[in-house]
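Hello,

Here is the structure I promised to pass on. Have a look at it first, and then read on for what turned up.

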Amino acid sequence: MDKKPFILYVDDDPDDRELFGYALTTCGADYDLITADDGFDALKILASGEKPKCLYIDINMPVMSGLELLKIIKSNSLYALLPVFIFTTAANEESIEEAKRLGAADVIIKPRSIQGLINYLHSCFSTTVMRNEFL
């Protein structure tokens, strides 16, 4: 049996990781979710050889910021084309520009409610562009 494709979500907040997983399941996306609580854990997952369909990364994390992680991922030829979305509450004009310059597919401000997150993910994973181009 083939293994289900997965999404990697990197965030130091365990509540945010849990809510993202709940929203992903609720919106009907047919992907597994693997989470990492910091950039180093994310790099270990990527080094294991399994490639996610896309990544969602928070900006503000201890030890390694999301922008530092994005830079490392995009500098690796194996992952240069992997869609990486910055998914954060801490975006300002400067960090948004930096994320796009480093190769982020998009910068998304985290919705303020679980329903907002479910709606966002549902729209992402139900569009033909996302299914075909990214996932």
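One cut-off before the rest: a residue is called buried when its relative accessible area is under 20%, and exposed when that area is over 50%. Please also keep in mind that this is a predicted model.

With that cut-off, Ser95 is a handy place to begin. Its relative accessible area is 10%, so Ser95 is buried. Ser95 sits in helix α4, and, apart from neighbours within four places in sequence, Ser95 is in contact with Ile59, Leu67 and Ala90.

At a relative accessible area of 70%, Val63 is exposed. You will find Val63 in the loop that runs between β3 and α3. Its backbone is worth a look too: phi is positive, at about 75°, although Val63 is not a glycine.

Now to the sheet. Five strands form an open sheet in the order β2-β1-β3-β4-β5, and the pairing is parallel. At the edges are β2 (32–36) and β5 (106–109), each of which pairs on one side only. On average, neighbouring strands of the sheet are turned by 25° against each other, direction ignored.

Going through some of the pairings:

- Strand β1 (residues 6–10) runs parallel to β2 and is joined to β2 by five bridges; Ile7 stands opposite Leu33 in β2.
- Between β1 and β3 there are four bridges, again in the parallel sense, and Val10 has Ile57 of β3 as its bridge partner.
- β3 and β4 also run parallel, with three bridges joining them; here Leu55 has Val84 of β4 as its bridge partner.

How many aromatic pairs does a search of the whole structure find? The search finds six. In one of them, the ring centres of Tyr56 and Phe85 are 5.1 Å apart and the planes are at 20°, so this pair counts as stacked. Because Tyr56 belongs to strand β3 and Phe85 to strand β4, the pair ties together parts that are 29 residues apart in sequence. Tyr56 is buried, with a relative accessible area of 0%, and Phe85 is buried as well, at 4%.

Tyr56 also pairs with Phe87, this time edge-to-face, with 5.7 Å centre to centre and 80° between the planes. Phe87 lies in strand β4 and Tyr56 in strand β3, so this pair ties together parts that are 31 residues apart in sequence. Like Tyr56, Phe87 is buried. Taken together, ring pairs link Tyr9, Phe20, Tyr56, Phe85 and Phe87 into a cluster.

Next, the helices. Helix α1 (residues 14–26) lies across β1, β2, β3 (54–57) and β4 (84–88), and runs at about 170° to β2. This helix has 13 residues and reaches 18 Å from its first C-alpha to its last, close to the 18 Å expected at 1.5 Å a residue. Which residues of α1 are buried? They are Arg17, Phe20, Gly21, Ala23 and Leu24. These residues cover an arc of only 165° around the axis, which puts them on the same side of α1. The face turned away from that buried side carries the exposed residues Asp15, Glu18 and Thr25. As background, an α-helix has 3.6 residues a turn, so residues three or four places apart point the same way.

Helix α3 (residues 66–75) can be read in the same manner. Its buried residues are Gly66, Leu67, Leu69, Leu70, Ile73 and Lys74. Their arc around the axis is only 155°, which puts them on the same side of α3. Lys71 and Ser75 are exposed on the other side of the helix. The cover over the buried residues of α3 includes β1, α2 (39–47), β3, β4 and α4 (93–102). That brings us back to α4, the helix in which Ser95 lies.

Happy to talk any of this through once you have had a look.

Best wishes

Terms used
Residues are numbered from 1 along each chain as its sequence is written. This is a predicted model: local features need pLDDT of at least 70, side-chain atom pairs count only at pLDDT 80 or more; totals for chains, interfaces and linings use all residues. Side-chain values use heavy atoms; hydrogens and water are left out. Two strands pair if DSSP finds at least two bridges between them. Helices (H or I, at least four residues) and strands (E, at least two) are DSSP runs, numbered from the N terminus. Axes are lines fitted to C-alpha atoms, for helices over the stretch in contact, and angles run from 0 to 180 degrees between N-to-C directions. Contact means heavy atoms within 4.5 Å. Buried means under 20% relative accessible area, exposed over 50%, partly exposed in between (1.4 Å probe, protein chains only). The arc is that of the directions from the helix axis to the C-beta atoms. Rings of Phe, Tyr and Trp (its six-membered ring) pair if their centres lie within 6.5 Å; planes under 30 degrees apart count as stacked, over 60 as edge-to-face and the rest as tilted. The expected span of a helix is 1.5 Å times one less than its number of residues.
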